[in-house]
Every structure is written in C-alpha cells, then in structure tokens.
Amino acid sequence: MPELKPRHASAALARIPRHNHKHQSNMPDETFALLQDGQEPWVGVITCADSRVPLESIIGDASNLGKAFKCACAGNAAKGAIGSLEYAVHHLGVKLLAVQGHTECGAVGAALSDYSGLSETLRGDIHHIKNMIDDMPKDERLNSLDSVTAGVLTNIRAQVKALSTHFATEIGRHGIAVVGLIYDLHNKFGKGYGKEYLYCVHDEIHSDTLTNHPVLSELSKEERKSFILPL
C-alpha cells in the first residue's frame, strides 16, 4: 500500500532522517569511497521536476551515485540549465546530454490551455514552454497522438534544439551529442509502463535516419528498434 502523503510539514520532515537511514544502510562504504575525490558522470540530464519521473530509468538504479549530472525543472526546460550543463561538458568531460520529458506532463498540458490564472512566475515558465512548442516545425507523425503527448514530444525536440544550438561548437569539435528522451509513464506506446524512448538526436527525428545515426552505433539492431520511439 502506498505511503500516505503527510498532512503537515513536520510529518514530511520526519521522513527525511528515516529515509536517509535506509539510504545509508543500502549503500556500501565502498561506493562513497570511490567518489571522495570527485565525480565522473557519463550523462548530463535535464528532466522534468515531476516526482513520478525517476532518473533511475536512465542510469539503472538509485545506487549509481556519480553517474548522472542532473537538472530538473517544470517541462524539462533548457534555459535554466545551460550553465550547469556547460560545467558538465567543459569540466567533467560529459559527452552525452539528454532532455527527458514524460507522458502527461503538467507543464506542457498547461502550455496548451489557459494558464492566465497561474502565478506570475509560473505563468512565465509556462509561457516559455508554449513559445518553444509554437516555434518548432511540425512533425506530421504526431497527428495520430493526443494533443498533450504531441506537445510533450514537440517540447522535447525544442529543448534539444536549444541545447544543440548552444553547444554547436562542442558537437562539431568534441563529439558531444544531445538527445531527446520520453519516459512513458502511462504506457502510451504499448511497450510497457516506465519505458524510455529516444525521440530525437539533435534535430533528427525520423526513425530510418536515427537507426543509422553514429551515436547509436553501440546498440544492436534489436536494441535500436526497441529504443527508438515507434511513430
């Protein structure tokens, strides 16, 4: 049975030392020993702040400390994460940047509806996402999807494009890749709850081209077929 949501801040705070105890108990000292002198993440991720979207879907499990350099905000918007990802690329040697969106994203849903009643700060964030979606060329394959799922994918592509533009020099000279992922929380695409799909690499979205993209070269044919979003 799911843990009930605490009704007061004191009850919520009480969970922290209890959960931290579990964390310490589940993590061998050797894991921490390996990370004392620094970090060597292999991926930089912008993900949505939605509590239902786990980073473990990318890195495998919660015990993988030091594997992902992560930024989280509503609608996985790139604008607030640029400086952090510059650090990941220039100082930590990260070669792969990923934008991770998810099905039924509330920020995207708000951007596609009337958000005038939101607070000024939140309204600004949602308006930015709306503009990013509106400015993207249309992917006709998304016409068969519901409007929010199509909006989520368009937003992912827009954020990837923004990052690809910003890191254009690093992409060209240093082999950096920027990819767009969607976490299927609702089994929208019929291959299981919680599956991660690849939607785009830079601004390439078409399955045939993605299948042969160099950044997928270490995946088998079957792995590529399963990983690329079925559109």
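Analyst: What follows goes through the charged pairs, the rings and the nonpolar cores in turn. Please keep in mind throughout that this is a predicted model.

Let us begin with the charged side chains. Side chains of opposite charge can pair when their charged atoms come close. The structure holds six salt bridges, and one of them joins D134 to K130, with 3.0 Å between the closest N and O atoms. These two residues belong to helix α6, which spans residues 120-134, and because they are four residues apart there, about one helical turn separates them. Both ends of this pair are partly exposed, since D134 has a relative accessibility of 47% and K130 has one of 28%.

Another salt bridge brings the side chains of R157 and D203 together, at 2.8 Å from N to O. Here the partners come from distant parts of the chain, 46 residues apart: R157 sits in helix α7 (residues 147-166), while D203 is found in the loop between β5 (195-201) and α9 (207-211). The surroundings of the two partners can be compared with the cut-off in mind that buried means under 20% relative accessible area. R157, at 7% relative accessibility, is therefore buried, whereas D203, with a relative accessible area of 36%, is partly exposed.

We can now turn to the aromatic rings, of which two pairs are counted. F69 is buried, with a relative accessible area of 16%, while Y87 is partly exposed at 39% relative accessibility.

The other pair, F189 and Y197, is edge-to-face, with 5.6 Å from centre to centre and 70 degrees between the planes. F189 counts as buried at 13% relative accessibility, and Y197 counts as buried at 0%. The ring of Y197 also has a charged neighbour, as the charged end of K195 sits over this ring, 5.3 Å from its centre.

Finally, we come to the interior. In soluble globular proteins, nonpolar side chains tend to be buried together. The largest nonpolar core here has 41 residues, and the members that touch the most other members are L85, L97, L153, L163 and I182. Helix α7 gives the most to this core, contributing seven residues. If we look at L85 and leave aside its neighbours within four places in sequence, we find this residue in contact with G44, V45, I46, C71, L97, L163 and F167. There is also a second, separate core of 14 residues, and V43, I58, I59 and L210 are among them.

Methods: Residues numbered from 1 in each chain as written. Predicted model: local features only at pLDDT ≥ 70, side-chain atom pairs only at ≥ 80, totals over all residues. Heavy atoms only, no water. Salt bridge = Lys/Arg side-chain N within 4 Å of Asp/Glu carboxyl O. Buried < 20%, exposed > 50% of the residue type's maximum accessible area, 1.4 Å probe, protein only. Phe/Tyr/Trp six-rings, centres within 6.5 Å; stacked < 30°, edge-to-face > 60°. Lys NZ or Arg CZ within 6 Å of the ring centre and 35° of its normal. Core = buried A, V, L, I, M, F, W, Y, C linked by side-chain atoms within 4.5 Å. Contact = heavy atoms within 4.5 Å.
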